[in-house]
Amino acid sequence: DCLQCNVCQKTGKCVIKDDGVNEFVEKAKTADGFVFATPVYFAHPSGRIYDFLDRVFYSAGGYDAFKFKPGAAFRFKPGMAVASARRAGTTASLDAINKYFGINQMPTVGSTYWNMVHGLYGEEASQDEEGMQTMRNLARNMIWMMRCFKLGRESGILYPETETDAC
């Protein structure tokens with residue numbers, strides 16, 4: 001869990017080491033987009049993804065006690081959330097992950113249905129025809145968005161200015 005020690009707000013690095021969070025944030029700086037996926041346990045995302053996302057987004061910018069500091073590692077890069085469940089809880093899980101995108105100025109990638117597949121085991125999920133169709137369309141949409149953003153950058157289209165002064 002995040003310790004809320006705020007050291008990362010000064011250093012850009014989480015004080016908890018050797019678990020991949022700091023390495024991920026460094027790689028995120030050069031990434032074109034992000035896919036975060038979770039199994040669904042008790043109708044919500046796994047605790048592991050919550051812990052990871054809290055620390056990643058907070059240490060890369062996020063909120064401090066006084067104002068929002070958008071993390072440049074994620075800002076204006078497409079984010080895609082995916083959930084896999086036996087039955088219920090997928091939309092609540094997608095909503096929870098998508099909130100990280102919204103607060104970090106990340107466009108959210110959608111598909112032709114909710115970004116989910118159903119099945120108790122991997123082989124069952126791959127038999128979810130509608131879910132697999134949704135995943136294929138989702139992947140195509142992500143690729144399209146990343147290409148559009150790249151073309152925009154190459155054409156000199158600037159990102160919107162971000163205001164951060166108001167509390």
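This report walks through the core, the aromatic rings, the salt bridges and one surface patch of the structure above.

The model is predicted, so local features need pLDDT of at least 70 and side-chain atom pairs count only at pLDDT 80 or more, while totals for chains, interfaces and linings use all residues. Residues are numbered from 1 along each chain as its sequence is written, and side-chain values use heavy atoms, with hydrogens and water left out.

**The core**

Let's start inside. The largest nonpolar core has 23 residues, and Phe36, Leu53, Phe57, Phe74 and Ile97 touch the most other members. Elements giving two or more residues to this core are α2 (21–28), β1 (34–41), α3 (47–59), β3 (79–85) and α4 (90–103). A second, separate core holds 9 residues, among them Met80, Val82, Val109 and Met142. A core here is a set of buried Ala, Val, Leu, Ile, Met, Phe, Trp, Tyr and Cys residues joined through side-chain atoms within 4.5 Å. Buried means under 20% relative accessible area, exposed over 50%, and partly exposed in between (1.4 Å probe, protein chains only). Helices (H or I, at least four residues) and strands (E, at least two) are DSSP runs, numbered from the N terminus.

Phe36 is buried, at 5% relative accessible area. Leaving out residues up to four places away in sequence, Phe36 touches Phe24, Ile49, Phe52, Leu53, Phe57, Met80, Ala81, Val82, Ile97 and Phe101. Contact means heavy atoms within 4.5 Å.

**Aromatic rings**

There are 11 aromatic pairs in the structure. One of them is Phe34 with Phe36, stacked at 6.1 Å centre to centre with 0° between the planes. Rings of Phe, Tyr and Trp (its six-membered ring) pair if their centres lie within 6.5 Å; planes under 30 degrees apart count as stacked, over 60 as edge-to-face and the rest as tilted. Phe34 is buried too, at 4% relative accessibility.

Phe24, Phe34, Phe36, Phe52, Phe57, Phe74, Tyr100 and Phe101 make up one aromatic cluster. Phe101 sits in helix α4 and is buried at 0% relative accessible area. Although Phe101 and Phe74 are 27 residues apart in sequence, their C-alpha atoms are 8.2 Å apart in space.

**Salt bridges**

The structure holds 6 salt bridges, each a side-chain nitrogen of Lys or Arg within 4 Å of a carboxyl oxygen of Asp or Glu. Here are some of them:

| Pair | N to O distance |
|---|---|
| Lys13 and Glu26 | 3.5 Å |
| Asp95 and Lys99 | 3.0 Å |
| Lys150 and Glu154 | 3.7 Å |

Lys13 is in the loop between α1 and α2 and Glu26 is in helix α2, so this pair ties together parts 13 residues apart in sequence. Asp95 and Lys99 are about one helical turn apart because they lie 4 residues apart in helix α4. Lys150 and Glu154 also sit 4 residues apart, about one turn, in helix α6 (residues 129–154). Lys150 is partly exposed at 45%, whereas Glu154 is exposed at 57%. Salt bridges with shared partners link Lys13, Glu26 and Lys29 into one network.

**A surface patch**

Finally, Leu3, Val7 and Val15 make a nonpolar surface patch of about 240 Å². Patch residues have over 30% relative accessible area and no salt bridge, with like charges joined within 9 Å and nonpolar side chains (Val, Leu, Ile, Met, Phe, Trp, Tyr) within 5 Å. Areas come from the Shrake-Rupley method with a 1.4 Å probe; for residues, only the protein chains shown count as cover. Val7 lies in helix α1 (residues 7–11) and is partly exposed at 31%. Val15, in the loop between α1 and α2, is partly exposed at 38%.
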